[in-house]
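Have a go at each task before you read its solution.

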Amino acid sequence: MIRKHVNNITPGMALGKTIYGDNYAILLKKGIAITQDHILSLKRRGIVCVYVEEEDTADIETPEIVSEKVHTMMTKRVIITYKKISDSFKDLSMKGSTCESIINSINSEKFKKTFHQNIELKQLNNDISFFIDEIMDREVLAGLNTIKTHDNYTYEHSVDSAIVALLFAKRLRLDRNKLKQIAIGKLLHDIGNIFIDMEILNKREKLSEHENEQIKKHSVFGYELLKDLEHVGFVAAHIAYQHHEWQDGSGYPLGLKGSNTFDFYNVNEICYSDEAKIILPAEIAAIADFYDACVANRPFRPPIPHDIVYELIKNGAETHFNKELVRYFLDLLPKYPVGTEIKIKNGAYEGFTGFVFSLNRDSLNRPVIKILYDNNKKKINPVVIDLSSVGRNITIQCIF
Ligand SMILES: [Fe+2]
Ligand SMILES: [Fe+2]
């Protein structure tokens, strides 16, 4: 199974991953033979890449971090929780209300009464254990295969960025209790968006200064919503509050600074150390949030190629992201994930294209590749090259 640009899909290829539409109903089911109509419908929905199975790439196995079953279960839970919370605030949005009146409503007795001991959050909290169990034996951040549609972006982004944050937090040896708090925080980190005008959230054009300011309010609303809710807690509420804060103080909403340090041996103690600084789980969440948002398809831009996202995170160390955490994160993140379409940049195969076939755990950024097309896009006899040994002088780039 490989990831392909919709322009390169031809009728007859089998769909590798189920795609979900509005209300998380199945839009196209894994395994179906793709038709011309499907391709047109994917394009109409703004979907840029999908996973497909074809003969030459049938031997490429893209790993799953969590099973489809648990992924779907968590996404549905997040949808239900979002809907339940937004129902409590029907008719209340930035379109017709001020920031202060929204915060007042969130903190009103009426809301607290209807939502305080809510069954949805309790259920979400219970299901998180399955989620964490599946992530516990994963070592590498490869195989985030969700193809996010605009309809489901917020929910799929919440689940996928939770997966990224959990795998990362596990690598940092945070204890299970912290993992749970990070999971709930990440699943609900953008809940404040329920008050933001959908037209702004889905806008294709560049946002005005005023619209940007409105979007930035989502972290404050999210914090106000979560801070007193049962089954949520301090860490999760602060993930909603601080996931857009940057190390150099240029983030929002408070412009808090980070420490740019990380103590591996004191990791479970340092969450609450300094009120003027970003808490560690929010620093973890910030990296996971940025990563997942970059690789996703958005109304205003296509997905950013994976190797470029890798460099953006690397370059954001110290100013945007905790530089010590970035070091650990990049250790988990293959620059060229399995199943990604790549182009050869130099040597005898310059301009040829193919796919990442498998990873070398000891040399994560030098994978094994399979070349399938020449520089005139003509099919060739497949050539498999290990970039960590015989192909060590070859450079590649992700196509999508
Ligand atoms: Fe956000
Ligand atoms: Fe986010």
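Helices (H or I, at least four residues) and strands (E, at least two) are DSSP runs, numbered from the N terminus. This is a predicted model, where local features need pLDDT of at least 70 and side-chain atom pairs count only at pLDDT 80 or more, while totals for chains, interfaces and linings use all residues; side-chain values use heavy atoms, with hydrogens and water left out. Residues are numbered from 1 along each chain as its sequence is written, and chains are lettered from A and ligands numbered from 1 in the order in which they are written.

**Exercise 1. Find which loop holds Pro 253 and which holds Arg 173.**

Step 1: Go to the loop between helix H11 (234–242) and H12, and you'll find Pro 253 there. The peptide bond from Tyr 252 to Pro 253 is cis, and its omega is near 5°.

Step 2: Now move to the loop between H6 and helix H7 (176–187), where Arg 173 sits. Arg 173 isn't a glycine, yet its phi is positive, near 65°.

**Exercise 2. Work out whether the radius of gyration of the chain agrees with that of a compact globule.**

Step 1: Get the rule. The radius of gyration is taken over C-alpha atoms, and the globule rule is 2.2 Å times the number of residues to the power 0.38.

Step 2: Apply it. A compact globule of 400 residues would come out near 21 Å; the chain has 22 Å, so the two agree.

Step 3: The C-alpha trace spans about 70 × 50 × 40 Å along its principal axes, and the chain holds 14 helices and 10 strands.

**Exercise 3. Trace the strand order in the sheet of five strands.**

Step 1: Know what counts as a pair: DSSP has to find at least two bridges between two strands.

Step 2: Read off the order. The sheet is open, runs S9-S8-S7-S6-S10, and pairs antiparallel. Strand S9 (379–386) and strand S10 (396–398) are its edges, each pairing on one side only. From one strand to the next, the twist averages 35° (axes are lines fitted to C-alpha atoms, for helices over the stretch in contact, and angles run from 0 to 180 degrees between N-to-C directions).

Step 3: Check some bridges. Strand S6 (residues 341–344) and strand S7 (residues 353–358) share three bridges, and Lys 343 has Thr 353 in S7 as its bridge partner. Strand S8 (residues 368–373) and S9 share five, with Lys 370 partnered by Val 384 in S9.

Step 4: Look at the turn. S8 and S9 make a hairpin with five residues between them, and Lys 377 in that turn has a positive phi of about 65°.

**Exercise 4. Say which strands stand at the edges of the sheet of three strands.**

Step 1: The order in this open, antiparallel sheet is S1-S5-S2.

Step 2: Strand S1 (2–5) and strand S2 (14–15) each have a single partner strand, so they're the edges, and one side of each has no neighbour in the sheet.

Step 3: S2 and strand S5 (residues 49–53) are joined by two bridges; Leu 15 has Val 52 in S5 as its bridge partner.

**Exercise 5. Find which domains the second largest pocket lies between.**

Step 1: On a 1 Å grid over the protein atoms alone, a pocket is an open set of points where a 1.4 Å probe fits, with protein on both sides within 12 Å along at least five of seven lines; lining residues have an atom within 4 Å of a point.

Step 2: List the lining. It has 18 residues, with Asn 8, Glu 341, Thr 353, Tyr 373 and Lys 377 nearest the centre of the pocket.

Step 3: Draw the conclusion. Domain 1 (2–57) and domain 3 (341–398) both give residues to this lining, so the second largest pocket lies between them. The domain bounds come from an automatic or database domain assignment.
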